Amino acid sequence: MSTTTGARRRPTRSPLVGYLLRRLGTSVLLLIGVTIVTFLLTNLVPGDPVSAALGEGASQNPATREAFIKAHGLDQPLFVQYFIYMANLLRGDLGTSLVTGRAVTADLATAVPATIEIAVCAIIVSLAVSIVLGTLAAYRRGLVTDQVVRVITLVGLSVPTFWLALVSYYFFFLQLGVAPGSGRVSPSITPPPRITGFYTVDYLLGGDSVGFFDAAAHLALPVMVLSLVTIGLLTRFVRTSVLEVLDSDYVRAARAKGLSGTRVVLGYVLRGAALPILTVVGVAFGALLSGTVLVESVFAWPGLGTYAYNAAANLDLTGIMGVGLVVGVIYLLINLVVDLLYGVLDPRVRIA
């Protein structure tokens with residue numbers, strides 16, 4: 001009898017699980033790197049944070065100045081300050097904002113959902129329009145339709161975001177009056193009870209249809225501005241990716257079988273072009289989250305961009321570090337999700 005008859009077979013781990021564990025480990029190391037870079041860059045910002053926090057009058061008092069420095073550990077070496085920062089960070093303490101006087105975590109808990117709400121809506125609209133335009137341009141390569149789509153994408157990439165936001169606000173709100181003013185809701189509307197931080201979702205969960213439509217109307221202009229800029233980028237990549245797939249052998253074989261054009265596009269073309277499109281969508285979504293400063297300023301949207309601007313203008317180091325950390329974490333999460341979707345969509349990735 002073979003000696004291996006009663007041997008217990010080792011359970012084999014799924015390649016996707018191993019891929020997930022490796023990506024999680026890499027993300028943890030990158031997150032530590034993000035905290036180091038954020039801390040160092042923030043402390044290299046020129047200016048006197050003590051004067052910015054206390055004001056010119058109080059900062060001239062030696063006793064007040066020394067007490068502030070000791071209370072915030074600014075008299076310690078830089079590496080000691082970093083370990084104090086990390087110890088507080090592990091407890092969920094990002095410090096107190098010098099501008100608002102509140103905990104940075106509380107400020108970010110309000111600002112981050114506001115930015116994510118417009119970014120998610122913008123990326124959904126952009127992706128839907130870009131897939132249609134990019135696929136249509138690829139199928140009509142060299143024809144009038146293709147040229148029109150390429151002009152549209154060129155305009156979208158060339159128009160400055162802040163200029164488009166100002167023109168949209170002036171035209172649709174001030175001149176036509178078809179769009180509401182600034183902010184997330186009208187002054188006459190009570191903000192919803194906080195559940196997710198997304199006003200449209202919280203109004204729906206609370207059964208408040210009036211609040212939902214008002215919040216959705218306030219979303220329209222910022223989402224339109226961000227979408228028009230993002231559509232230009234995504235459409236070009238969709239067109240390029242679809243063109244590459246259209247020349248592949250399996251698409252020709254699908255056409256030779258007599259499959260309908262819709263089935264070929266949905267089942268073969270878009271599926272084959274999904275990976276490069278997914279990469280660009282991840283990058284574009286991260287750019288929307290971290291680059292909405294001007295749009296939020298024009299529409300008085302109390303999001304992450306507005307909070308970052310106020311923190312930088314007032315030399316609020318704790319606020320700046322909080323924003324930098326949140327943006328870094330968002331990018332890491334987006335890249336992690338994109339990599340995991342790679343592993344799901346393409347078996348070659350998780351096997352490698």
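Predicted model: local features only at pLDDT ≥ 70, side-chain atom pairs only at ≥ 80, totals over all residues.
Val 167 counts as partly exposed, because its relative accessibility is 35%. Below is a friendly tour, from the surface patch to the salt bridges and then to the nonpolar cores.

**The nonpolar surface patch**

- Helix 7, which spans residues 161–175, supplies the largest share of the patch, with 7 residues.

**Salt bridges**

- Side chains of opposite charge can pair when their charged atoms come close.
- The structure holds 3 salt bridges.
- Arg 102 pairs with Asp 107, and their closest N and O atoms are 2.7 Å apart.
- The two partners in this pair can be looked at in turn: Arg 102 is partly exposed, because its relative accessibility is 49%, while Asp 107 is buried, because its value is 4% and buried means under 20%.
- Arg 184 and Glu 117 form another salt bridge, with an N to O distance of 2.6 Å.
- Arg 184 belongs to the loop between helix 7 and helix 8 (199–205) and Glu 117 to helix 5, so this pair ties together parts that are 67 residues apart in sequence.
- Arg 184 and Glu 117 are both buried.
- Asp 146 forms a salt bridge with Arg 239, and here the closest N and O atoms are 2.8 Å apart.
- Because Asp 146 lies in helix 6 (residues 144–158) and Arg 239 in helix 9 (residues 209–246), the pair ties together parts that are 93 residues apart in sequence.
- Asp 146 and Arg 239 are each buried as well.

**Nonpolar cores**

- The largest nonpolar core has 61 residues, and within this core Tyr 85 and Leu 108 touch the most other members.
- Helix 9 gives the largest share of this core, 11 residues.
- Setting aside neighbours within four places in sequence, Leu 108 is in contact with Leu 94, Pro 113, Leu 304 and Tyr 307, and also with Gly 322, Val 323 and Val 326.
- There is also a second, separate core of 5 residues, and among them are Ile 189, Tyr 199, Tyr 203 and Ala 215.

- Ser 130 is a residue of helix 5, which runs over residues 104–139.
- Ser 130 counts as buried, because its relative accessibility is 0%.
- If residues up to four places away in sequence are not counted, Ser 130 touches Thr 135, Ile 231, Leu 234, Thr 235 and Val 238.

**A loop residue with positive phi**

- Most residues other than glycine have a negative phi.
- Ala 300 has a phi near 50°, a positive value in a residue other than glycine.
- You will find Ala 300 in the loop between helix 13 (293–298) and helix 14 (304–313).
- Ala 300 counts as partly exposed, because its relative accessibility is 44%.

Conventions: Residues numbered from 1 in each chain as written. Heavy atoms only, no water. Helix = DSSP H or I, 4+ residues; strand = E, 2+ residues; numbered from the N terminus. Buried < 20%, exposed > 50% of the residue type's maximum accessible area, 1.4 Å probe, protein only. Contact = heavy atoms within 4.5 Å. Salt bridge = Lys/Arg side-chain N within 4 Å of Asp/Glu carboxyl O. Core = buried A, V, L, I, M, F, W, Y, C linked by side-chain atoms within 4.5 Å.
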